[in-house]
Amino acid sequence: MSDITNTVDSVTSWEAPYANHQLKSCVEVPGSKSLSNRYLILAAMGAKPVVLQGLLRSRDTELMINALSVFGVRSESLNNDGTKLRVIPPEDGVFRVPDNAEVYCGLAGTVMRFVAALALFADNSVRFDGDEQAYARPMKPVLDGLEQLGARVEYHGEVGFLPFTVTPPSREILKNNFKKIVRIDSSSSSQFISALLLVGSRIPGGLELEHIGETLPSMPHIRMTMDDICKAGGTTTMTSNAIWHVKESKITLANAVTIEPDLSNAAPFLGAALIAGGSVSIPNWPLSTTQPGGLLPEILEKMGAKISFEKTGDDAGIMRVESDGEIKAIPHLDLSAAGEIAPSIAAILAFADGPSELHGIAHLRGHETNRLQALVKELNRVGIVAKELEDGIRIEPSNHIMHGEVMETYADHRMATFAAMLGLRIENIRVKNIATTRKTIPDFPGMWHKMLE
């Protein structure tokens, strides 16, 4: 991956609002991107139409819906904003793909990895391509897994990265591949494991999947995948030595599935309560969840926030975070289970009462951008001392020399929300390409301004 540059563009930048008063806001967060795209895949593999309610409609989910249409999966919006969607899989379960078919993945890891695995059951070759930044996102482990199951992969650029073409194995090869044991190194992303687990139920005889790397990031995302497969009628078990067994079974979701709000996307808003002071509430917070963002309340509590939860239904309630604006440093915070909230946590700790270190997030170097390098560069840009560690970053707040700048986002939605969070306490912060937040939040600028009203 090439080094991040200091390029900024003040002409196209967005002025991040400065918080000149304490907050008192209730923010409704859109549906989870991780759950939305997993359920879209499972619905496509099912035997009957499924209605997905509370579906996130953002760039990543639009890319997923468009990708599935290449496989003959139809979708019908049942309300004005498309958050209630009927997904109609092929009647006979055969993914008929036209000649010269291409799936455009944008910068969406779930699309490039999950749909590539789905291509195992297509009746034709499928080419995968995406944004220029996506060419730096690793793909080889999941593609190695497909090759072990009989598929052929042709790379059209650097081996292990987009663009590439997947040619599925014949049904006979897949059916007679008695081994069905796949070994991959998923150290750089849990999505490689999730991709193969999602399609494992459809492999004749099932699948045994082994992770052979030293580390395995984002286990909550893998548990989320296993839970979703179970809800769809599949059976997936994991042994203590990182081996998964997926039984061959028919995937059948309930007639209607409700998507939880995206708890990782709640992080900037809840974090705003600590940075600006005051309170922020998130309704429809699930009582229990497999989302990594579910770890937010306990992390924010360690920083000195007051956390409260008001149950409003059988399985959800209102999560409220209150703060006086005083933020406690965390000398060592292991974020290996929730790396995607690291940018938001880093933004909060930039204003803490001492140095903090985030660990267990080396895999963020392979996300939409090299997030560790990006976070360090942008913190230093505004006068906050930060440096990369082997598996994370160190942040040393310096309240007296912070200053406004035009912040680079590197086409990364979480770097954009990170910059907006800094702008709550640092005047004259401008954010380049705030539109990149559409990847997972349809109108982040509007929601952010409304929170500050």
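These legends describe close-up views of one predicted protein model.

Residues are numbered from 1 along each chain as its sequence is written, and side-chain values use heavy atoms, with hydrogens and water left out. Because the model is predicted, local features need pLDDT of at least 70 and side-chain atom pairs count only at pLDDT 80 or more, while totals for chains, interfaces and linings use all residues.

**View 1**
Helices (H or I, at least four residues) and strands (E, at least two) are DSSP runs, numbered from the N terminus. The C-alpha trace spans about 70 × 45 × 45 Å along its principal axes. Of the 453 residues, 61% are buried. Buried means under 20% relative accessible area, exposed over 50%, and partly exposed in between (1.4 Å probe, protein chains only). The protein chain exposes about 17700 Å², and carbon and sulfur atoms supply 46% of this area. Accessible areas come from the Shrake-Rupley method with a 1.4 Å probe; for residues, only the protein chains shown count as cover. Among contacts (heavy atoms within 4.5 Å) with a separation of 6 or more, 74% join residues 24 or more positions apart.

**View 1. Helix H3, residues 109-118, is largely enclosed by the rest of the structure.**
Ten of its ten residues are buried, so H3 is largely enclosed. The buried set includes the glycine Gly109 and the arginine Arg113. Also in this set are Thr110, Val111, Met112, Phe114, Val115, Ala116, Ala117 and Leu118.

**View 2. An open sheet of four strands runs in the order S6-S7-S9-S8.**
Pairing in this sheet is mixed. Two strands pair if DSSP finds at least two bridges between them. The edge strands are S6 (101-104) and S8 (152-155), and each pairs on one side only. Neighbouring strands are turned by 25° against each other on average, direction ignored. Axes are lines fitted to C-alpha atoms, for helices over the stretch in contact, and angles run from 0 to 180 degrees between N-to-C directions. Helix H4 (residues 140-148) lies across S8 and S9, at about 140° to S8.

**View 3. Strand S9, residues 164-167, pairs with S8 in the antiparallel sense.**
Four bridges link S8 and S9. Val153 has Val166 as its bridge partner, and Glu154 has Thr165. S7 (residues 126-129) also runs antiparallel to S9, joined by three bridges. Here Arg127 stands opposite Thr165. In a regular strand the side chains alternate between the two faces of the sheet. In S9, Phe164 and Val166 point one way, and Thr165 and Thr167 the other way. All four of these residues are buried.

**View 4. A second open sheet of four strands has the order S2-S15-S17-S16.**
Its pairing is mixed. S2 (23-26) and S16 (306-311) are the edge strands, each pairing on one side only. The twist averages 20° from one strand to the next. S2 and S15 (residues 278-286) run parallel and are joined by four bridges. Within this pair, Cys26 has Ser281 in S15 as its bridge partner. Helix H8 (residues 267-276) lies across S2, S15 and S17 (316-323), at about 165° to S15.

**View 5. Helix H11, residues 371-381, is mostly covered.**
Nine of its eleven residues are buried. Gly383 follows H11, with a positive phi near 100°.

**View 6. His363 sits in the loop between strand S19 (356-359) and H11.**
His363 is buried, with a relative accessible area of 9%. Leaving out residues up to four places away in sequence, His363 touches Ser187, Ser188, Pro217, Ser218, Ser336 and Gly339. Pro217 is 146 residues from His363 along the chain, yet their C-alpha atoms are separated by 7.1 Å.
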